[in-house]
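Hi,

Here's the structure I said I'd pass along.

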Amino acid sequence: MVGSKVLKHLMRRNLHAIAGVRDINSVNEEFKKNIDFIHLDYNDLISIEKAKKIVDKIFLVPPMHPDMSDMMRNVLDRMQSIQYIVCISASGADANSSFPLLKEHGKIKDYIINSGIPATFIAPSHFYQNYFEFSAKYIKEKNNFYLPQGNAKKTMIDTSNIGEIVVNILLEEGHVGKTYHLGGYDYDNFEIARNFTKVLGKKIDYIDIDPDEYKKILIQEEMPEWKIEILLKLNSAWKAGSRLKSNQESIALLGRNPTTFEEFLQENKEFFL
Ligand SMILES: NC(=O)c1ccc[n+]([C@@H]2O[C@H](COP(=O)([O-])OP(=O)(O)OC[C@H]3O[C@@H](n4cnc5c(N)ncnc54)[C@H](OP(=O)(O)O)[C@@H]3O)[C@@H](O)[C@H]2O)c1
């Protein structure tokens, strides 16, 4: 959701990059024409050793996983020769947090800071692209989508904006030591449903579902238990009103206003039809 967007913006600027992926066969051919791909698995130490020999700046995406800080430790223990790291973090990242995802992000952040490698962290809001994973199937088949978020507004952003911001940070001076909170706009799911209705040209309804019922759907979809637990906690935090205060850092780093949800849908409507 983010790595491919960073590559897209590097390609637009004709910049050379190497992308580490677990499965090179899954990479889209258009990317292969312009970017060098290498096998990289955060649990495969040999693949990390090979990667470190051919890069000097890295954009790091810790996957949402209970072992994400151990995975990043595998990388960072072998990347002391790296000159600069831009890393995805999360708003509220704190190694002492009682929220497991924020605790993991906090441990990663501390580990990078303690490594002494110059680094910048981005803490994005909820991705518009999450609607691909959690809602596209239902919108296509049933003209509705289920989420346990009540009528709470949550701050969201297009990952294409994040990709562009990451490339700007990698290329510009002055970002070392900073953490940027990347807000776009605040929407509740009734507004999101109205955007879907307008852009797709058919009535789409948001169904505010009970968290226990939502859990049953995720189990039916064979989502791993650890991911279900993280998602239920995130949804409960959004329902309680957790959102970013401003999109000013996104505007400053993009040099313009972020993409709205309606603009994102216009560009991506084929995924929901
Ligand atoms: N989603 C959001 O709204 C949001 C908002 C703020 C912050 N974040 C943060 O953004 C980060 C990315 O989250 P996400 O939801 O975009 O994606 P994600 O599903 O966590 O995965 C991101 C990427 O990690 C790769 N990956 C997974 N395990 C790996 C391994 N062992 N070795 C190498 N690569 C591996 C996956 O590659 P494959 O293609 O091979 O599976 C995938 O491309 C997380 O740290 C999350 O907390 C997310």
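Below is what turned up, going from a helix pair to the core and then to one proline. Keep in mind that this is a predicted model.

Let's start with the helices. α1 covers residues 3-12 and α8 covers residues 159-171; the two pack with their axes 8 Å apart, at an angle of about 55°. On the α1 side the contact is made by Lys5, Val6, Lys8, His9 and Leu10, while α8 brings in Thr159, Ser160, Ile162, Gly163, Glu164, Val166 and Val167. Sorted by class, that contact has five nonpolar, four polar and three charged residues.

Next, the inside. The largest nonpolar core has 48 residues, and Cys87, Ile122, Val166, Phe196 and Phe261 are the ones with the most contacts inside it. α8 turns up again here, giving the largest share of this core with five residues. As for Phe261, if you leave aside neighbours within four places in sequence, its contacts are Tyr128, Met156, Tyr185, Tyr187, Ile192 and Asn195.

Last, the proline. Pro66 sits in the loop between β3 (57-60) and α4 (68-76). Pro148 is 82 residues from Pro66 in sequence, and their C-alpha atoms are 22 Å apart in space.

Cheers

Notes
Residues numbered from 1 in each chain as written. Predicted model: local features only at pLDDT ≥ 70, side-chain atom pairs only at ≥ 80, totals over all residues. Axes fitted to C-alpha atoms, helices over the stretch in contact; angles between N-to-C directions. Helix = DSSP H or I, 4+ residues; strand = E, 2+ residues; numbered from the N terminus. Contact = placed C-beta atoms within 7 Å. Nonpolar A, V, L, I, M, F, W, Y, C, P; charged D, E, K, R; others polar. Core = buried A, V, L, I, M, F, W, Y, C linked by C-beta atoms within 7 Å. Buried ≥ 20, exposed ≤ 12 C-beta atoms within 10 Å, placed from the backbone.
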